[in-house]
Amino acid sequence: MNSSVISTPVSLPRERQRSNLSTQVNFQPNMAEMKKVFDKFDTNKDGKISREEYKLAVKVMGAANTEKEVARAF
């Protein structure tokens, strides 16, 4: 057995566990901001993100292979 590998599980200190938990529990999405971003990519204003609109959004966010990402999402 490799001596550099830890054989027992490692856990976070209690303070770190609590801070991560409180961050997750207290998250409140900003609905106005989400709507603004959605509306930016819903170019035909039909209330849905089409395959082409999604493709554009993925491209704008810098994905290298937009076709692969679009195929995975749709």
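## A partly exposed lysine and its partner

Lys 55 has a relative accessible area of 26% and is therefore partly exposed; that class lies between buried, under 20% relative accessible area, and exposed, over 50% (1.4 Å probe, protein chains only). This is a predicted model, in which local features need pLDDT of at least 70, side-chain atom pairs count only at pLDDT 80 or more, and totals for chains, interfaces and linings use all residues. Residues are numbered from 1 along each chain as its sequence is written, and side-chain values use heavy atoms, with hydrogens and water left out.

Lys 55 forms a salt bridge with Glu 67, with 2.4 Å between the closest N and O atoms. This pair links distant parts of the chain, 12 residues apart: Lys 55 sits in helix α3 (residues 51–60) and Glu 67 in helix α4 (residues 66–73). Glu 67 is also partly exposed, at 42% relative accessibility.

## Terms and total

The structure holds 3 salt bridges, a salt bridge being a side-chain nitrogen of Lys or Arg within 4 Å of a carboxyl oxygen of Asp or Glu. Helices (H or I, at least four residues) and strands (E, at least two) are DSSP runs numbered from the N terminus.

## Pairs within one helix

In helix α4, Arg 72 and Glu 69 are 3 residues apart, so about one helical turn separates them. Their side chains meet in a salt bridge at 2.8 Å, N to O. Arg 72 is exposed, at 66%, whereas Glu 69 is partly exposed, at 23%.

Helix α2 (residues 31–41) holds Lys 35 and Asp 39, 4 residues and about one helical turn apart. A salt bridge joins their side chains (3.0 Å, N to O). Asp 39 is partly exposed, with 24% relative accessibility.
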